[in-house]
Amino acid sequence: EADADHFLGREMLTARLVERLGQTRFLAVIGASGSGKSSVVRAGLVPALRRGKPLADGALPPTDADRWLIRVMTPTAHPLDALAAALLPEAEPAATAGLRDRLSTSTTTLAETAPVVLGDKHPRLLLIVDQFEVVFSLGRHEEERRAFIDNLVAAAGGERPITIVIVL
């Protein structure tokens, strides 16, 4: 995100991604390794949402996108730990561990936690799962992988204030 001013040449793609986020609550950015998926999301999409200004195609991001809470995470070998840490970055270890345990036992925990994390300050949580394939390449625990994915699907499918972008 800090490199957004140096990120050039993908303005129309960024505008298309922002447009899609206005239409859906789940977006997958898929491409070959090294094709710039993470860059377009981190240095293109995220800054475009934060700025709230007209995009390359003249469209505007969603009305309140500049106030969205944006969390970026990589699943690691333990995706539930990574998700809990992304949702509660400044929490005590016990709180993060408690959230991780709830994520492992209920597919609705992410959806239920989003409004709590947002409080009154933010209207929506944008959760970006960069390098989503790590869930499969490093994750060795099928139950943890399933709980992680089930939480993402349940959160994106409900009426909670959460939007999910996976980069794969």
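What is the handedness of the crossing of H3 and H4, right-handed or left-handed? I opened my notebook with that one, keeping in mind that this is a predicted model.

**Entry 1: two helices that cross**

I looked up H3 and H4 and found that their crossing is right-handed. Their axes come within 9 Å and cross at roughly 125°. I counted angles from 65 to 115 degrees as roughly perpendicular and those over 145 as roughly antiparallel, so H3 and H4 are oblique to each other. Next I listed who makes the contact. From H3 I wrote down Leu80, Asp81, Leu83, Ala84, Ala85 and Leu87, and from H4 Thr96, Leu99, Arg100, Leu103 and Ser104. Sorted by class, the contact has seven nonpolar, two polar and two charged residues.

**Entry 2: the sheet**

In what order do the strands of the open sheet stand? I read the order as S1-S4-S3-S2, four strands with parallel pairing. S1 and S2 are at the edges and have a single partner strand each, so one side of each has no neighbour in the sheet. On average, neighbouring strands are turned by 15° against each other, direction ignored. I reminded myself that strands of a sheet pair through backbone hydrogen bonds, either parallel or antiparallel.

I then looked for what packs on this sheet. Helix H1, residues 11–21, touches S1, S3 and S4, and its direction makes about 155° with that of S1. Helix H3 from my opening entry turns up here too: H3 lies across S2 and S3 and runs at about 150° to S2.

**Entry 3: strand S4 and its partners**

I followed S4 on both sides. Strand S1, residues 26–29, is joined to S4 by four bridges, and the two run parallel. One pair I noted is Phe26 with its bridge partner Ile164 in S4. On the S3 side, S3 and S4 pair in the parallel sense over five bridges. There, Leu126 has Thr163 of S4 as its bridge partner, and Leu127 stands opposite Ile164.

Is S4 mostly covered or mostly open? I found it mostly covered, with six of its six residues buried. Both faces are covered: Ile162, Ile164 and Ile166 are on one side, and Thr163, Val165 and Val167 are on the other.

**Entry 4: a closer look at Thr163**

I picked Thr163, which is found in strand S4. Its relative accessible area is 1%, and buried means under 20%, so Thr163 is buried. Which residues does Thr163 touch, leaving out those up to four places away in sequence? My list reads Leu21, Thr24, Arg25, Arg124, Leu125, Leu126 and Leu127. Leu126 was already in my notes as the bridge partner of Thr163.

**Entry 5: helix H5**

My last stop was H5, residues 109–118. H5 is mostly covered, with seven of its ten residues buried. The buried ones are Thr109, Leu110, Ala111, Thr113, Ala114, Val117 and Leu118. What covers the buried residues of H5? I found that the cover includes strands S2, S3 and S4 as well as helices H3, H4 and H7.

Terms used:
Residues are numbered from 1 along each chain as its sequence is written. This is a predicted model: local features need pLDDT of at least 70, side-chain atom pairs count only at pLDDT 80 or more; totals for chains, interfaces and linings use all residues. Side-chain values use heavy atoms; hydrogens and water are left out. Buried means under 20% relative accessible area, exposed over 50%, partly exposed in between (1.4 Å probe, protein chains only). Contact means heavy atoms within 4.5 Å. Two strands pair if DSSP finds at least two bridges between them. Axes are lines fitted to C-alpha atoms, for helices over the stretch in contact, and angles run from 0 to 180 degrees between N-to-C directions. Angles under 35 degrees count as roughly parallel, over 145 as roughly antiparallel, 65 to 115 as roughly perpendicular and the rest as oblique. A crossing is left-handed if the near helix is turned anticlockwise from the far one by less than a right angle, and right-handed if clockwise. Ala, Val, Leu, Ile, Met, Phe, Trp, Tyr, Cys and Pro count as nonpolar, Asp, Glu, Lys and Arg as charged, and the others, Gly among them, as polar.
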